[in-house]
Amino acid sequence: MEIIRLPAFNDNYLFVLRRESCQGAIAIDPGDGQVILDYLRRQHLSLEAIYITHHHPDHVGGNRLLLSQFPDAAVYGSVHDLSKGRIPGQTHGLKDGDRLTICGRTAEVLFVPGHTQGHIVYYFPPASPDLPGELFCGDTLFAGGCGRLLEGNPQQLRRSLQRLRELPDTTHVWCAHEYTLKNLHFALGIDPENIALQQRFERVKRQREQAQPTIPSLLGLEKQTNPFLRWDDPELQKQLQHHEPDRVFARLRGKRDLF
Ligand code: ZN
Ligand code: FE
């Protein structure tokens, strides 16, 4: 499976999945339909399905345009968002544990409320043991950070992130925004002695100076350096003067909101 990362707006990434054996491609979170359409036309691909992580405009804004060109494309999103009718053109409502098979590759759906009440992620387990899995996590987990609590509470988002943390270290993290440098800058203030974090910050700084994307990141590195996956780290707990995981997480999210 080939994953194409397409920049859109100020700092969004949209994704297209394709396989050699298939004419139909999948768009993930097509906030800008024209960006996807231009790519599909250049590559002579048709659109088979749209996978949506959550209903925000920068993730669903291109649905109508894409459906006008590919009226048969299926639009997947969570049942929660389907019941609210807040994903344009949605045809299927997904719940935790559902599986989607497309061109022989299967994605598992995880329900991860917090950023919004309907947020889901799509996880493609490794095709063989020596290959990485692929995680499309929208605005729930970011490289070096996590999404804002727009509809959920800290406990909810922490539990959602805990489930993502259980995936293998080799998993590629394809999040929907290029927020990495700012996230790591914030993280360094909270977790200044973390050597892996210091090194990552320097690396990301150089990448961004050259306008290179920092996505995908590796889940193993997130576990070492992303404070929003480290509520049980003693050093971090000391810094935040809390031990209880949900309180640690809530403090962290509160500080990041003000950063
Ligand atoms: Zn969002
Ligand atoms: Fe977003």
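**Helix packing in a predicted model**

1. Helices α6 and α7 are roughly antiparallel to each other (an angle over 145 degrees). Their axes, lines fitted to C-alpha atoms over the stretch in contact, come within 10 Å and cross at roughly 150 degrees. Here α6 covers residues 180-190 and α7 covers residues 195-209, helices being DSSP runs of H or I with at least four residues.

2. A word on the model: it is predicted, so local features need pLDDT of at least 70 and side-chain atom pairs pLDDT 80 or more, whereas totals for chains, interfaces and linings use all residues. Residues are numbered from 1 along each chain, chains are lettered from A and ligands numbered from 1 as written, and side-chain values use heavy atoms, without hydrogens or water.

3. Which residues of α6 meet α7? They are Thr-180, Leu-181, Leu-184, His-185, Ala-187 and Leu-188, and their partners in α7 include Phe-201 and Val-204 (contact is heavy atoms within 4.5 Å).

4. Helix α5 (residues 154-165) and helix α10 (residues 245-258) have axes that come within 9 Å and cross at roughly 105 degrees. These two helices are therefore roughly perpendicular (65 to 115 degrees). Among the residues making the contact are Leu-157 and Leu-161 of α5 and Phe-249 of α10.

5. In α1 (residues 33-43), Gly-33, Ile-36, Leu-37, Tyr-39 and Leu-40 are buried (under 20% relative accessible area, 1.4 Å probe, protein chains only). Seen down the axis of α1, they fall within an arc of 165 degrees, so they line one face. The buried residues of α1 pack against elements including β1 (2-8) and α3 (63-69), strands being DSSP runs of E with at least two residues.

How values were computed:
Axes fitted to C-alpha atoms, helices over the stretch in contact; angles between N-to-C directions. Parallel < 35°, antiparallel > 145°, perpendicular 65-115°, else oblique. Buried < 20%, exposed > 50% of the residue type's maximum accessible area, 1.4 Å probe, protein only. Arc of directions from axis to C-beta.
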